[in-house]
Amino acid sequence: MATASLMPTLNIFNASPSVRTRASVIVASSQQPRRRDLLLKTAVAIPAILNLKEAPISEAREVEVGSFLPPSESDPSFVLFKAKPSDTPALRAGNVQPYQFVLPPNWKQLRIANILSGNYCQPKCAEPWIEVKFENEKQGKVQVVASPLIRLTNKPNATIEDIGEPERVIASLGPFVTGNSYDSDELVDTSIEKIGDQTYYKYVLETPFALTGSHNLAKATAKGNTVVLFVVSATEKQWQSSQETLQAILDSFQL
């Protein structure tokens, strides 16, 4: 059986040059449709793969918050963002207590790079990280920044008052408000707010050289092993048109 199956091949190589040439043409012709089919399938598959890789981030995540957040009970013109454990690595690890604040429904939630989210270091991060971030191009942006308590004090479970006066706290956290540096001359006003048993330090800053914007509002508190900083930022143009809205967003923040 083996000899019989090999004979046609052996005959081709033992045949005259003209026979071998005709045989080669027949073999090549029989392979061409297969190659064409393979090339056609590849040509169809590559664009599909490229389209998957190039899908815009905005379609995947950045949608208006009014499409998935409920209206605020205190003011239905806003929606309420109430953080839950599935929202951030620190919330899942129990490193940050759930927080909430209101937003206009046409704002969008932004993605946060893994290296900035604290995902790589939970539950024992040594440096501050960004929890969540929202933005509206015409009004401004907000972000929640969390810092290990030990970065500001060695006292376990310290309150914001234990850490020090409002000016001392913002001196440590100011660069996370501005995105670059902090100068005490940029601090316009401070105040203290009590909501239940939680104390908050509130700040108004004019920051002409800040990466986040020339106007910044901030609110800081401490709970457990973490200091939480809520930052509301705007350019001059955004501030002129949306100051009241931005102030309402700041005032709504609480743990």
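These legends go with close-up views of a predicted model. Local features need pLDDT of at least 70 and side-chain atom pairs count only at pLDDT 80 or more, while totals for chains, interfaces and linings use all residues. Residues are numbered from 1 along each chain as its sequence is written, and side-chain values use heavy atoms, with hydrogens and water left out.

**View 1. The disulfide between C121 and C125**. Counting a pair of cysteine sulfur atoms within 2.5 Å as a disulfide, the model has 1 disulfide. It joins C121 to C125, with an S to S distance of 1.8 Å. The torsion about their S-S bond is about 90°, so this disulfide is right-handed. Here buried means under 20% relative accessible area, exposed over 50% and partly exposed in between (1.4 Å probe, protein chains only). C121 is buried at 17%, and C125 is buried at 8%.

**View 2. Strand β9, residues 226-234**. Helices (H or I, at least four residues) and strands (E, at least two) are DSSP runs, numbered from the N terminus. In β9, 9 of the 9 residues are buried, so the rest of the structure largely encloses this strand. T226, V228, F230, V232 and A234 point one way, V227, L229, V231 and S233 the other.

**View 3. The neighbours of β9**. Two strands pair if DSSP finds at least two bridges between them. Strand β5 (residues 140-148) pairs with β9 in the antiparallel sense over 8 bridges, and Q143 stands opposite V231. Strand β8 (residues 215-223) also runs antiparallel to β9, joined by 9 bridges, with A222 opposite V227. The hairpin of β8 and β9 has 2 residues between the strands, and G224 takes a positive phi near 65° there.
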